[in-house]
Amino acid sequence: MLYALYMAAAGTGFTFLMTTLGAATVFFFSEEIEPRFQKAIIGFAAGVMTAASVWSLLLPAIDQSSQLLQLPRWVAPAGGFLLGVIFLAALDAILPRLRKSRALSPDWQQTAVLMAAITLHNIPEGMAVGLAFSLASNAESIAAACALALGIGIQNFPEGAAISLPLRQEGQSRFRSFLGGMLSGIVEPVFGVLVVLAAAGITRLMPWILSFAAGAMVYVVIEELVPQAHSNSGTCGFVVGFLIMMILDVALG
């Protein structure tokens with residue numbers, strides 16, 4: 001158990017580090033971001049999140065559902081996806097009320113929704129790495145777990161940037177933008193370790209958790225990002241972000 005905890009902490013620590021490095025890209029841009037490039041950044045974030053929703057979350061949820069559950073393989077992915085959409089829609093409805101009561105500033109409404117979606121996406125990724133290490137029993141399975149951690153870590157780099165750069169163009173300081181991107185990934189080591197401690201009871205919930213995160217991300221893409229990115233540069237950013245994330249998921253998944 002201690003060895004599994006150590007390995008899970010090391011693997012998810014690496015994925016968190018990659019998210020942090022991606023968020024740090026915000027320090028390499030000038031004070032004022034040109035409007036066309038702003039739309040490209042938002043489009044890039046939307047593309048990354050859309051591809052991650054499909055290849056990192058929904059497809060694994062479908063595969064795991066057929067292996068772990070005695071239900072039609074579409075039930076858990078569809079149900080979890082819908083719950084994710086409902087959850088983010090409820091969050092989106094609550095935030096304006098908090099803003100009116102001065103519990104939340106106007107600038108932080110979209111920020112909170114975006115961070116919530118990608119943070120939710122990072123939770124099952126951390127759990128997947130933790131489970132892989134907790135179930136590894138020989139050199140081959142340990143190598144597979146390390147490969148999974150490497151793949152998710154590389155994918156996390158554009159995800160960190162997908163949070164910090166849009167936050168910066170919304171007017172947040174460099175440090176706040178970086179902090180938002182970095183904190184979205186800290187759930188990975190936390191849940192990676194927790195899932196090792198509860199591996200037997202959590203495995204059958206993974207299809208629901210994965211698809212829940214996918215629904216939350218797709219909601220944010222449609223509701224928050226696509227309307228702002230609507231332009232030629234935004235479309236190009238979406239395509240680039242989608243292709244990068246798709247290639248990473250297929251090549252390293």
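**View 1. F133 and its contacts.** Welcome to this predicted model; our tour starts at one side chain. Apart from neighbours within four places in sequence, F133 is in contact with A4, M7, A8, G11, I142, A145, C146 and A149.

**View 2. The largest nonpolar core.** Which residues touch the most other members of this core? They are M49, F133, V220 and L225, in a core of 46 residues. Two or more residues each come from α1 (2-23), α2 (35-68), α4 (108-135), α5 (139-169), α7 (187-197) and α9 (206-229). With eleven residues, α9 gives the largest share.

View 3. Two packed helices are described by the angle between their axes and the distance between the axes. Here α2 and α9 pack at about 160 degrees, and their axes are 8 Å apart. Angles over 145 degrees count as roughly antiparallel, so that is how α2 and α9 run relative to each other. The crossing of α2 past α9 is left-handed. What kinds of residues make up this contact? There are 21 nonpolar, eight polar and one charged.

**View 4. Stepping back to the protein chain.** The secondary structure consists of ten helices and zero strands. Of the 253 residues, 49% are buried. Among contacts with a separation of 6 or more, 85% join residues 24 or more positions apart.

Key. Residues are numbered from 1 along each chain as its sequence is written. This is a predicted model: local features need pLDDT of at least 70, side-chain atom pairs count only at pLDDT 80 or more; totals for chains, interfaces and linings use all residues. Side-chain values use heavy atoms; hydrogens and water are left out. A nonpolar core is a set of buried Ala, Val, Leu, Ile, Met, Phe, Trp, Tyr and Cys residues joined through side-chain atoms within 4.5 Å. Buried means under 20% relative accessible area, exposed over 50%, partly exposed in between (1.4 Å probe, protein chains only). Helices (H or I, at least four residues) and strands (E, at least two) are DSSP runs, numbered from the N terminus. Contact means heavy atoms within 4.5 Å. Axes are lines fitted to C-alpha atoms, for helices over the stretch in contact, and angles run from 0 to 180 degrees between N-to-C directions. Angles under 35 degrees count as roughly parallel, over 145 as roughly antiparallel, 65 to 115 as roughly perpendicular and the rest as oblique. A crossing is left-handed if the near helix is turned anticlockwise from the far one by less than a right angle, and right-handed if clockwise. Ala, Val, Leu, Ile, Met, Phe, Trp, Tyr, Cys and Pro count as nonpolar, Asp, Glu, Lys and Arg as charged, and the others, Gly among them, as polar.
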